[in-house]
Amino acid sequence: MAERMLKFVGTPQAMPDKRPAAERRRDFQEIYANYARARAAEQAARCSQCGVPFCQVHCPLHNNIPDWLKLTAEGRLKEAYELSSATNNFPEICGRICPQDRLCEGNCVIEKGFESVTIGSVEKFITDTAWERGWVKPIQPRRERAESVGIVGAGPAGLAAAEQLRRKGYQVAVYDRYDRVGGLMIYGIPNFKLEKEIVQRREKLLRDSKVAFHLNCEVGRDVTMDELRARHAAVLIATGVYKARDIAAPGVGLPGIAAALDYLTASNRSGLGDRVPDYESGALDAAGKNVVVIGGGDTAMDCVRTAVRQGARSVKCLYRRDRANMPGSQREVKHAEEEGVEFVWLTTPQAFLGKDRVSHVRAVRIHLGMPDATGRQAPQEIANSHVNIEADLVLKALGFDPEDLPAMLAAPDLDVTGWGTLKVDGRSMMTRLDGVFAAGDIVRGASLVVWAVRDGRDAAERIHSYLTAKALAAQRIAAE
Ligand code: FAD
Ligand code: SF4
Ligand code: SF4
């Protein structure tokens, strides 16, 4: 093993420099700087080059982490980039927004007290460097194929599949109902976690690689699934999940109560320079308001931190379980606390009060009881523990369900699961419709970008196998 590695005993963990909270509160720029080259090498060298690297096992893409850490430590950045991009279509995006504490870094085996290797930050450094140096090049397939594949949805699942299929020489067309490419990476995730230019330069790369985009095109309305099937040799559905879960509580329909994604989309659109009437009228702007966000996942964290940046008077996050049992990333909670967000754990809304618009959330305290069928402690309301919390803007961030897909896509023959996600064959990733595949959140339920990339890559492989088998069968018939 290179002498350079195994430095975790003498070199403390160091994340890239983080901007002070007082400065971060005033803008929507990312909060971490990039590593300087020497610092990236020093941090990569902390890796102990495990024989069985648990970081890699727990990365959904099984990235070859130990090897690209070693190459970074040795200053061989171009090779590190080639290795890292061989398994991940968007390493600089995953390096920024994966919940590493639950994935690669959370499973790094460096002994307790020495802190994990900063895998995500090194991954981001490698690919940001590759972009700066011009190593990231449009795809030039070794051979062009006549068959075309239609992809519905320009989120990470659709884009990863598009890139992989284009590499194999397929003609790829991506359809999206939105006016921009990126799915939730552009309209859901805020700029302070993932700057929009990072997504847009990936879009440009795909366009330069001759992937065709048909935007403002809703499948089921502007084009039917039957038309797509006639146009393309195979179709991939990667439409994500967008139906916001609601709260069944009196007063939930009052003005001043909004769905988290509507709020985040308005903020992202405004940041991109669009005219957003609901933002400009103040309806979806937190400036000067007492904001209460309900939920404990990553969407809730994005709402509270956006509200801070919009100049809210106060921002509270209500979650019915405690900090240890929340689904959101602990790192995000820490950032939010630094930025002035108040977390009100073990509390749930019972009613929304107000005459013409919401003025208070009536909340009740929770006690975590015995574990339920899912193994999680069941929240139980504590009698007579009500509090009224002042609120001018309430954001509901309770998760997402799939829309009625067969109806939305005007494809009644598509099968759905009990959760409303698209049913696919586990091996082929194909739906009930011949040649129609599905990937990403629409199959898995609301998940992560890194899983969408994984699914998009897997779907591209399955589509390739399907089309290869079909072409061979056609040749056989022609020869008979
Ligand atoms: P999406 O990204 O949802 O893309 C689906 C695309 O399909 C969209 O562009 C949509 O317009 C299009 N579409 C839908 N229906 C049609 C139709 N009928 N016709 C044409 N186009 C259609 N994950 C992380 O890893 N880290 C994070 O920090 C993180 N933060 C998040 C914050 C928020 C607020 C949200 C909501 C999610 C977050 N996620 C995060 C989750 C992550 O964004 C998703 O898991 C991921 O984007 C799913 O990818 P996808 O390609 O399956 O779907
Ligand atoms: Fe970690 Fe995500 Fe990168 Fe995998 S893709 S190594 S989980 S940051
Ligand atoms: Fe290196 Fe940690 Fe992965 Fe081991 S688990 S190879 S120490 S990053």
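The shell around ligand 2 divides into nine nonpolar, three polar and one charged residue, where Ala, Val, Leu, Ile, Met, Phe, Trp, Tyr, Cys and Pro count as nonpolar, Asp, Glu, Lys and Arg as charged, and the others, Gly among them, as polar. In this predicted model, local features need pLDDT of at least 70 and side-chain atom pairs count only at pLDDT 80 or more, while totals for chains, interfaces and linings use all residues; side-chain values use heavy atoms, with hydrogens and water left out. Residues are numbered from 1 along each chain as its sequence is written, and chains are lettered from A and ligands numbered from 1 in the order in which they are written.

Ligand 2 is surrounded by 13 residues, the closest being Cys59, Asn63, Cys98, Cys104 and Glu123; a residue is near a molecule or strand if one of its heavy atoms lies within 4 Å of it. Around ligand 3 stand Cys47, Ser48, Cys50, Pro53, Cys55, Pro66, Leu69, Cys108, Val109, Ile110, Val117 and Ile119.

The table sets out the classes of residues.

| Site | Nonpolar | Polar | Charged |
|---|---|---|---|
| Ligand 2 shell | nine residues | three residues | one residue |

On a 1 Å grid over the protein atoms alone, a pocket is an open set of points where a 1.4 Å probe fits, with protein on both sides within 12 Å along at least five of seven lines, and lining residues have an atom within 4 Å of a point. Among the 17 lining residues, Tyr81, Ser85, Lys137, Glu163 and Arg167 are the closest to the pocket centre. Helix 5 (77-87), helix 8 (156-167) and helix 10 (196-208) each give two or more residues to this lining, and helix 5 gives the most, with four. Helices (H or I, at least four residues) and strands (E, at least two) are DSSP runs numbered from the N terminus.

Five strands form an open sheet in the order 6-14-7-8-9, with parallel pairing; two strands pair if DSSP finds at least two bridges between them. Strand 6 (257-259) and strand 9 (342-344) are the edges, each pairing on one side only. Strand 6 pairs with strand 14 (residues 393-396) over three bridges, and alanine 259 stands opposite lysine 396.
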